[in-house]
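Reader: Could you take me through one part of this model in detail, please? I would like to see how the pieces there pack against each other.

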Amino acid sequence: MKTIEATGKKLNDAIQNGLAELGVTLDEVDVEILENGGWFKKTKVRLTVIEEETVSILTKEEKKDEPKQDSVEVVEEKAEQAEEKVDNEPKAEEAPIEEKKEEVKPNKERKPKKEKAPFKKPAPPVEKEYPPATEEQIAKAKAYVEGLIKAMGVEGEIVATSEGNVINLDIVTTNAMVIGHRGETLDAIQTLAKRMVEDNDSHVRVVADSQGYRAKREASLIHLAQRTADKCVKKGRKISLEPMDSAQRKIIHSALTNDDRVYTRSEGHEPNRKVIVFPIKKR
């Protein structure tokens, strides 16, 4: 099994660099993302060539080393010599053959085979219920993000709402700087805001959004989940997605909950925890 590690500015660049080095196509390898790239570091992946069954054959040199078979005439001559040798040997008295009585074995009743239980998809994790966010936490998160975008030189306002323990912060602006590549800036803003408002015993969540990016990202992840499921069933093997945060992984799990062809599971540790899609084998 041939495995290499490759890097690139973006995920696609890293994969293409690895494929070029191996001299294979994407369908011939398993891709595992080792490190996500960012502003100051490259994306790192591991490519493993999928092994195929091989049939061993003898080369011309190996065939030369094989023992030569006797010709038909030599084989017949050796057989005649062996028969003459047997005829000339003194014959031993034949012992009387005892008749063997056939033992009648009782018929054993065959136990019915146990039927295998049909495969059941793992149940989705049960979400815990937490106390709702307080007015103080909502105001604190809003004020913090207002100061943050002002420091970034972005003009806009913050619309803060809450739903249970989730504080939603909509950054109303036309400046795409607050979104960043694949929402990385938005993720950073909501992480910082969460650190500002959470207490030691608090499980409050903060979701930062701008220009409807989160809804577009969710639609993109659902489409990714469906395409991955189709590919997983076609190839008959598991497929790993790139590392995602818990909210994005939840979207993938939910998108494939009712798909009876596959099941999903999260593996790894933060920040490199990712979703694995497995095919359900029919019995």
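Author: In this predicted model, helix H6 (residues 213-235) and helix H7 (residues 246-255) have axes that come within 9 Å and cross at roughly 50 degrees. Angles of 65 to 115 degrees would count as roughly perpendicular and those under 35 degrees as roughly parallel, so H6 and H7 are oblique to each other. The crossing of H6 past H7 is right-handed.

Now for the residues that meet there. H6 brings Arg 217, Glu 218, Leu 221, Ile 222 and Ala 225, while H7 answers with Gln 248, Ile 251, Ile 252 and Ala 255. Sorted by class, this contact of H6 with H7 holds 6 nonpolar, 1 polar and 2 charged residues.

The C-alpha atom of Leu 256 is 9.1 Å from that of Val 277, although 21 residues separate the two along the chain.

Tyr 263 belongs to strand S8 (residues 262-267) and Phe 278 to strand S9 (residues 274-279), so the pair ties together parts 15 residues apart in sequence. Tyr 263 and Phe 278 are both buried.

Terms used:
Residues are numbered from 1 along each chain as its sequence is written. This is a predicted model: local features need pLDDT of at least 70, side-chain atom pairs count only at pLDDT 80 or more; totals for chains, interfaces and linings use all residues. Side-chain values use heavy atoms; hydrogens and water are left out. Axes are lines fitted to C-alpha atoms, for helices over the stretch in contact, and angles run from 0 to 180 degrees between N-to-C directions. Helices (H or I, at least four residues) and strands (E, at least two) are DSSP runs, numbered from the N terminus. Angles under 35 degrees count as roughly parallel, over 145 as roughly antiparallel, 65 to 115 as roughly perpendicular and the rest as oblique. A crossing is left-handed if the near helix is turned anticlockwise from the far one by less than a right angle, and right-handed if clockwise. Contact means heavy atoms within 4.5 Å. Ala, Val, Leu, Ile, Met, Phe, Trp, Tyr, Cys and Pro count as nonpolar, Asp, Glu, Lys and Arg as charged, and the others, Gly among them, as polar. Buried means under 20% relative accessible area, exposed over 50%, partly exposed in between (1.4 Å probe, protein chains only).
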